[in-house]
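Dear colleague,

I am passing on a structure for your review. Please find the sequence and the coordinates below, followed by a summary of what was found.

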Amino acid sequence: MKNPFGSNIVSRGIAVLLSASFVCGMLVHEPVIAETTPDPSGFVDELYMAIAGEVPDTPKVTNIKTALEDGSITGIEAAHRIVFSSEGFYANRDDADFIDSMKNAAGNDIASLMGLPTFIFLGELRYLTREDVFEWFVSTHGFQQLCFDHGIEAGEYGDGNFTDPDAPMLALTFDDGPSQYTDMILDCLEEYGQHATFFVVGYNACDYQEQIARADYIGCEIGNHTNGHANLSDLDSIGIFQELRRADKYIIMATGHPATVIRPPYGAYNDQVRMVAGAPLVLWNVDTEDWSTRDTQSTIDNIMNVAVDGDIILMHDIYESTAEAMLTVIPELTNQGYQLVTMSEIAEGRGGMEPGGAYFRFRQLDEI
Ligand code: ZN
């Protein structure tokens with residue numbers, strides 16, 4: 001499966017040229033590229049084939065097609081969900097494979113490949129991220145042609161963050177994992193095109209590297225919850241530094257980068273912790289008490305009855321009851337119009353975060 005739809009694009013391109021000259025010859029001044037019947041299904045299927053070699057048989061795929069159909073996402077946003085899906089993660093673990101699949105998805109045509117940064121051309125990601133390669137991909141002639149062929153509006157790329165700071169947002173956060181239940185939560189987030197933040201502890205991060213890598217790949221954020229669930233406010237600065245650095249080591253092994261946010265265990269921090277942290281401290285304002293009730297319905301109620309725009313919700317992905325609750329909470333909040341976002345996403349456009357700063361919620365700026 002070297003070039004799943006490149007040849008199609010070429011033949012369609014010729015067809016468009018022929019019809020264009022024919023129409024011009026007839027002196028018809030209608031736009032040549034008029035009514036292409038929107039075909040989100042074909043668009044999504046072709047992209048999935050190019051990225052993962054198959055179209056997964058899950059509700060996620062139907063949800064992407066529906067969202068394209070009703071205009072709630074653009075072609076670029078749909079492409080982002082497909083490229084940064086679990087199928088994309090499992091099919092393209094090596095950088096070279098990822099670059100190859102993006103070149104294939106762009107159709108490998110000359111016009112597209114001419115715009116390739118050299119390192120991508122050489123099949124290496126030096127100095128670039130996968131997001132950078134995606135940005136190149138959606139700028140290519142091949143991608144634009146794919147959108148055109150299927151009557152899909154490509155939309156704007158922006159910075160790859162598709163959240164709207166003015167629309168309601170919630171930050172679901174999970175501490176103390178990963179665990180055997182984390183994949184269940186990731187599946188559900190992905191099905192609804194939503195994100196969350198996972199504050200991992202070192203002693204679990206070493207055993208669940210794949211879950212951390214997968215979460216990071218599909219757009220979730222990985223936070224540092226210390227190596228051994230230490231009360232950082234009891235430690236001296238060297239102790240604080242070591243607790244954070246050891247957990248970061250496992251996060252870097254899984255994702256290639258350190259944690260972008262920190263959650264101090266027990267919510268315990270002092271000025272020394274703030275000084276040593278080197279990243280924002282994320283606390284919470286909605287405590288589901290899932291660790292104490294271990295009850296699915298109570299976890300659901302403790303979110304659905306209180307959560308409002310800008311809240312940071314505390315949970316733990318080491319309990320089956322919490323993962324079960326997410327199967328209700330994620331679809332219901334999605335249906336209510338909430339964007340479920342990472343800490344970095346909720347902070348952006350709502351005042352941002354600073355290293356050593358402590359954050360409990362992110363209201364819209366005019367409400368602060
Ligand atoms: Zn904890």
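**The loop between β3 and α14**

T226 is found in the loop between β3 and α14. The model is a predicted one. T226 has a phi near 75°, a positive value in a residue other than glycine. With a relative accessibility of 0%, T226 counts as buried. H229 also has its place in the loop between β3 and α14, and its phi, near 55°, is likewise positive in a residue other than glycine. As background, most residues other than glycine have a negative phi, and most peptide bonds are trans. The relative accessibility of H229 is 18%, so this residue counts as buried, the cut-off being under 20%.

**The zinc site**

Which residues coordinate the zinc ion? They are D176, through OD, together with H225 and H229, each through NE2, at 2.1 Å. Along the chain, these donors follow the spacing D-x48-H-x3-H. D176 lies in the loop between β1 (169-175) and α11 (182-191), while H225 lies in the loop between β3 (221-224) and α14 (237-255); the pair therefore ties together parts that are 49 residues apart in sequence. D176 is buried, with a relative accessible area of 12%, and H225 counts as buried at 2% relative accessibility.

The loop between β1 and α11 also holds P178. The peptide bond leading from G177 to P178 is cis, with omega near -5°.

**The nonpolar cores**

How many residues does the largest nonpolar core have? It has 73, and those with the most contacts inside it are F43, F134, F137, F143, L172, F198 and M326. Apart from this core lies another, of 13 residues, among them F199, V261, V282 and I346.

Leaving aside neighbours within four places in sequence, F134 is in contact with I76, A79, H80, V83, F84, M102 and Y157.

With kind regards

Terms used:
Residues are numbered from 1 along each chain as its sequence is written. This is a predicted model: local features need pLDDT of at least 70, side-chain atom pairs count only at pLDDT 80 or more; totals for chains, interfaces and linings use all residues. Side-chain values use heavy atoms; hydrogens and water are left out. A nonpolar core is a set of buried Ala, Val, Leu, Ile, Met, Phe, Trp, Tyr and Cys residues joined through side-chain atoms within 4.5 Å. Buried means under 20% relative accessible area, exposed over 50%, partly exposed in between (1.4 Å probe, protein chains only). Contact means heavy atoms within 4.5 Å. Donors are N, O and S atoms within 2.8 Å of the metal (3.2 Å for Na, K and Ca); water is not among the atoms, so sites may look incomplete. Helices (H or I, at least four residues) and strands (E, at least two) are DSSP runs, numbered from the N terminus.
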